[in-house]
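Student: Can we go through this one together? I'd like to start with how the chains meet.

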Amino acid sequence: MATAEQEQSTEFLLDEKTLREIETMKGAGQWSIVWRRIKKDKMGMLGLYIVIFLILMAFASWIILGFDNWLTHQGALLGDPSNPASLNNLYIELWLPGMPADSPLVLFQHPRHHFPELAKLPPSFAHPFGTDGIGHDMVSRIFFGATVSLALGFIGQMTTVIIGTFLGSIAGFYGGFIDEVLQRIIEILYSMPGFILMIFIIVLFEDVNIPGGRYAVVVIFFSLIGWGGTALIVRSNFFSLKHQDFVEAERALGASDMRIIFKHILPNSLAPLIIIVTLGIANTIFLFAALAFFGFGDPNAVSWGDDLNKWQNDLLDYPWMPMFPALFIFFTVLGFNLLGDALRDALDPRLKD
Amino acid sequence: MSRPSEDILLEINGLRTYFFTEEGVVKAIESVDLEVYKSETLGLVGESGSGKSVTALSILGIVPDPPGKILSGEVIFHGQDLRKLSDSDMRKIRGNQIAMIFQDPMTSLNPVFTVGDQISEAIMLHQKVTKKEAKEKSIKIMSLVGIPSADERVDNYPFEFSGGMRQRVMIAMSLSCNPELLIADEPSTSLDVTIQAQILELLKATSEEFDMSIILITHDMGVIAEMCDRVAVMYAGFICEIGDIMIIFKSPYHPYTRGLLGAIPRPDAARDDLTIIRGAIPNLINPPSACRFHPRCDYHMLGLCESVVPELVEIEPGHSVRCHLYTDEGKAWMAERGDKRVIGTVPKSIAAEVKK
């Protein structure tokens with residue numbers, strides 16, 4: 001009864017807006033504070049929108065292409081499934097049960113198919129981004145290239161961060177010999193020119209045949225040499241966190257080392273990791289695009305970097321061919337950097353508002 | 001007033017813990033011998049840096065290593081030496097049979113988890129219960145330690161609690177597995193006085209309810225007087241006096257204990273100057289030889305105190321002192337010189353004995 005009375009009296013005193021504000025403040029954990037700060041940051045929100053747009057685009061293109069391949073193999077679309085060469089996948093088509101089998105809904109020109117007679121067309125209504133030197137539709141190339149370009153950035157950065165976090169937390173927690181060894185390894189990795197090393201490795205493994213093609217080699221090698229920075233940041237974070245009282249309290253409760261490291265200390269260093277990942281994805285996408293630009297990508301892949309490489313010499317005559325892939329790489333890097341900077345500001349505990 | 005040895009819950013013999021730092025070896029604990037009886041509260045009192053907290057960490061085997069190392073001694077709990085247990089066996093005892101609460105409740109809780117998560121985790125570490133049962137139990141313990149509307153507060157983060165409430169959460173966490181021994185490392189030091197009283201009251205009540213022994217570490221003689229059955233006085237890594245609270249407060253034997261008690265202002269006493277203990281606590285990298293108190297001691301026996309470590313002498317059952325005033329060597333030294341150092345509160349019988 002007492003609580004009901006209290007509620008009534010507060011309703012008396014506070015107007016509805018204040019009450020609603022109190023309601024939103026309740027349970028205001030760290031993340032809702034971070035979200036509120038990002039919302040105030042206009043450039044950060046722009047970055048967030050760009051990133052969300054790109055992620056949606058990559059997922060949509062991945063799903064549509066997969067669906068199209070699946071339908072074609074099911075025989076729903078025209079073509080002979082037993083003979084891939086005969087498949088009629090000039091366009092991305094959508095066919096739903098009940099539609100006439102010979103007239104599916106045409107969505108896009110297939111990113112891998114080209115019509116030589118349509119080559120080098122400037123942007124027009126039929127081809128908003130124009131066509132490339134051998135007759136690919138640039139919109140289709142850009143749309144379906146998002147999957148590879150973004151996935152490479154994500155996967156490359158995530159594996160790097162996971163390796164770096166694991167090694168950094170072990171070294172930071174135990175210190176001593178393990179830490180010394182780790183630091184020396186990082187110094188060795190840092191003393192080598194990464195980009196040239198990557199090119200060397202790609203050339204070395206040019207003929208290797210593993211699922212994922214040449215980009216799998218690139219991603220694996222990138223994460224093998226790229227974890228140093230993350231490891232150092234996590235390590236220094238652990239150095240300050242491991243002497244906190246709650247670690248000792250946890251030990252007094254009988255928790256094992258692994259539990260303390262990964263369940264208790266690591267969540268406390270999540271903020272820098274999120275910033276590393278966000279800014280790192282931009283850098284990784286940029287690095288892979290740069291590798292492709294210099295001709296060390298996968299010529300068979302549909303990706304922005306490879307398209308940029310293919311048509312870089314046509315910049316003056318047919319500017320749309322290299323321009324649109326370059327523009328999308330630029331927007332991706334810009335979006336992730338803006339979001340990363342906003343996150344860095346929002347996660348800074350010294351800022352309070 | 002001593003109790004039969006089968007009532008002993010925890011016994012520490014000759015514990016020695018050093019820290020091997022770059023500046024040198026910090027001899028934090030030189031020799032600690034004490035026993036904790038079942039369902040009693042033992043106070044561990046001493047200046048900052050006298051090794052109280054390190055003793056607690058040594059009992060649980062969680063001295064930070066490196067640089068810390070327990071060099072020798074045994075910690076016997078329920079008849080088994082905890083120092084000989086494997087790491088995983090020891091983890092089963094920590095938090096389960098021996099729990100610990102820390103000085104600063106502001107930093108001893110993990111800031112990124114709700115208090116409910118943390119109490120539940122403590123329960124699930126030692127008991128086979130589901131997450132839901134653990135949470136229900138957490139709520140029950142939280143209301144037991146006096147956290148109002150525990151069923152709502154269980155989902156709050158530590159930063160949403162005040163200092164006193166956080167210390168209650170810490171106590172709830174340590175009580176979650178019904179430990180037999182609770183080590184409370186200055187549980188009330190960082191709280192303000194009214195909250196201090198509440199927390200101490202809570203500790204006292206729960207120790208009775210759970211039939212649990214407490215080692216209460218503090219430098220506040222008032223807290224000791226309020227809470228404890230027995231008290232052990234530590235100085236620079238040695239236990240210098242241990243005994244029943246009434247005996248120690250009424251007639252302290254060790255010069256250091258006397259100094260400590262003399263330094264407490266009393267509202268009822270005449271407005272005399274408080275006695276002081278000269279000097280400061282020594283640097284433990286290079287501590288004074290033998291009896292580490294000798295440079296500050298009013299009863300310093302030249303040639304003896306700095307060369308021979310005094311043994312722990314049992315004055316009467318359950319009351320031991322580590323001081324040359326009461327050892328055979330000391331008595332011989334005084335007899336040789338016709339010295340009458342034993343003065344003040346020391347019972348006449350002993351003073352007479354020393355005189356002889």
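**Chains and helices**

Tutor: Chain A puts 18 residues into the contact and chain B puts in 25 residues, where contact means heavy atoms within 4.5 Å. This is a predicted model, in which local features need pLDDT of at least 70, side-chain atom pairs count only at pLDDT 80 or more, and totals for chains, interfaces and linings use all residues. Residues are numbered from 1 along each chain as its sequence is written, chains are lettered from A and ligands numbered from 1 in the order in which they are written, and side-chain values use heavy atoms, with hydrogens and water left out.

Student: How much area do chain A and chain B bury between them?

Tutor: About 2000 Å², with 61% of it on carbon and sulfur atoms. Buried area is the accessible area (1.4 Å probe) that two parts lose on being put together, summed over both.

Student: Which residues in chain A lose the most area to chain B?

Tutor: A:Glu248, A:Ala252 and A:Leu253, which together make up 29% of what that side buries.

Student: And how many salt bridges across the interface of chain A and chain B?

Tutor: The rule finds one. A salt bridge here is a side-chain nitrogen of Lys or Arg within 4 Å of a carboxyl oxygen of Asp or Glu. The partners are B:Glu121 and A:Arg259, and their closest N and O atoms are 2.4 Å apart.

Student: How many salt bridges over all chains?

Tutor: The structure holds 17. One of the salt bridges joins A:Arg184 to A:Glu180, with the closest N and O atoms 2.9 Å apart. Both residues lie in helix 6 (residues 176-190) of chain A, four residues apart, which is about one turn of the helix.

Student: New topic: helices. At what angle do helix 7 and helix 8 of chain A cross?

Tutor: Roughly 140°, and the axes of helix 7 (residues 194-204) and helix 8 (residues 214-226) of chain A come within 10 Å. Helices (H or I, at least four residues) are DSSP runs, numbered from the N terminus. Axes are lines fitted to C-alpha atoms, for helices over the stretch in contact, and angles run from 0 to 180 degrees between N-to-C directions.

Student: So what do we call that pair?

Tutor: Helix 7 and helix 8 of chain A are oblique to each other. Angles under 35 degrees count as roughly parallel, over 145 as roughly antiparallel, 65 to 115 as roughly perpendicular and the rest as oblique.

Student: Which residues of helix 7 of chain A meet helix 8 of chain A?

Tutor: A:Gly194, A:Leu197, A:Met198, A:Ile201 and A:Ile202 do, and their partners in helix 8 of chain A include A:Phe221 and A:Phe222.

Student: What about helix 7 and helix 12 of chain A, at what angle do they pack?

Tutor: Helix 7 and helix 12 (residues 270-293) of chain A pack at about 55°, with their axes 11 Å apart. That makes helix 7 of chain A oblique to helix 12 of chain A. From helix 7 of chain A, A:Phe195, A:Met198, A:Ile199 and A:Ile202 meet A:Leu287, A:Phe288, A:Ala290 and A:Leu291 in helix 12 of chain A.

Student: And chain B, at what angle do helix 3 and helix 6 pack there?

Tutor: Helix 3 (residues 115-126) and helix 6 (residues 163-175) of chain B pack at about 25°, with axes 8 Å apart. That makes helix 3 of chain B roughly parallel to helix 6 of chain B.

Notes:
Helices (H or I, at least four residues) and strands (E, at least two) are DSSP runs, numbered from the N terminus.
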